[in-house]
Amino acid sequence: MKSLLYQLKSVLRDKFCLMTFLLPIVMAAVLNFADSVDFTSVGDFQFGILEDNVASHTITWLERYGRVIVYGTQEELVDAINEPSTNLIGVEKEGNGIGTMLSGDELDIFRQTANTLPILYDQRKSVAQREVLVLEQPNVMEGFQDMLIVATLIVAMFMGCTFNAMNMISEKEDGVAYVNEILPMSRSRYILQKLIVGFAGGCLSSIITACVCFRYSLQEFAFMLILIVLSSFVAALTGLFIGKVSAGMMTGVAYIKIIMLLFIAVPVLDFLVEFQHPFVATLLYLVPSQAAFEGIMNLLAGSPELSVKDILILFAHCIIWFFLYLSISRQKKKKV
């Protein structure tokens, strides 16, 4: 017990570990606040036209659906359409109707609008005589906000990796690691002590972050807790690997950043690209965070039963990585 308290004090003195512990909680609070902010302005339509190219009655008609911006030259209009930070739809006169121009990087809702706009303009007289049903404007940020929340929770689960890696590297640099090698302590007890600190820190950070971001039913809370426990255990094991192979603090920090980037980038990339090939989709599960990310997204979608597969994958990761670390530790001890 005293050794655990000593390690905990050592970790609490490390500003890098404290920052890693608090950062996900702060980010969760910010995202939770952002959930109450109206992002519908992101989906407002903007139409770009050339001066003296579109009739005044057409401009009046376009203003019913969005903001109209007038440009002096064709080059200015094309540059505005191609600007990555905007979803501007170019409008030009085509015969008795209108045509639209896009750069190709717009969100799907703006591409659909651009394709529909000329048809809607041609039928504007008949449409004006019909009853119009106004639907609620979709929140284009909703899916991305869920992705950011889950990515933040993945960072919180990664806490255990940082705790263990930094603790072991600090012991190497302070000479404590050499003292541990001659103490009458079994290998299993040493591994257990190292795992507990990182595992407990990762679980605590993840639970606080999850409580800030989500509101669960009892069943969803149970599934979330299992995902947190398994993910934190895998992260703590990853920290042991980094601590063992790192020769110094700078090397360890580099490894931590690479692993954290991998843990976040793989599931986020899969979310954005949606890989359909079965082999690629299966290969992504080699990264433990993929199963954790997918399981939490299923919980957000209200389908906790779909998280069972992800829980089993994480459990397999825990078993495989734990016995792999034991095997490496035995081999190293035999060589010594």
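A: **The H11–H14 packing**

The axes of helix H11 (residues 218–245) and helix H14 (residues 288–300) cross at roughly 165° and come within 10 Å. This is a predicted model: local features need pLDDT of at least 70, side-chain atom pairs count only at pLDDT 80 or more, and totals for chains, interfaces and linings use all residues. Residues are numbered from 1 along each chain as its sequence is written, and side-chain values use heavy atoms, with hydrogens and water left out.

Helices here are DSSP runs of H or I with at least four residues, numbered from the N terminus. Axes are lines fitted to C-alpha atoms over the stretch in contact, and angles run from 0 to 180 degrees between N-to-C directions. H11 and H14 are therefore roughly antiparallel to each other (angles over 145 degrees count as such). The crossing of H11 and H14 is left-handed: in that case, the near helix is turned anticlockwise from the far one by less than a right angle.

H11 contributes Glu 220, Phe 223, Met 224, Leu 227, Ser 231 and Val 234 to the contact. From H14 come Pro 288, Ala 292, Gly 295, Ile 296 and Leu 299. Contact means heavy atoms within 4.5 Å. By class, the H11–H14 contact has 8 nonpolar, 2 polar and 1 charged residues. Ala, Val, Leu, Ile, Met, Phe, Trp, Tyr, Cys and Pro count as nonpolar; Asp, Glu, Lys and Arg count as charged; the others, Gly among them, are polar.

Terms used: Helix = DSSP H or I, 4+ residues; strand = E, 2+ residues; numbered from the N terminus. Parallel < 35°, antiparallel > 145°, perpendicular 65-115°, else oblique.
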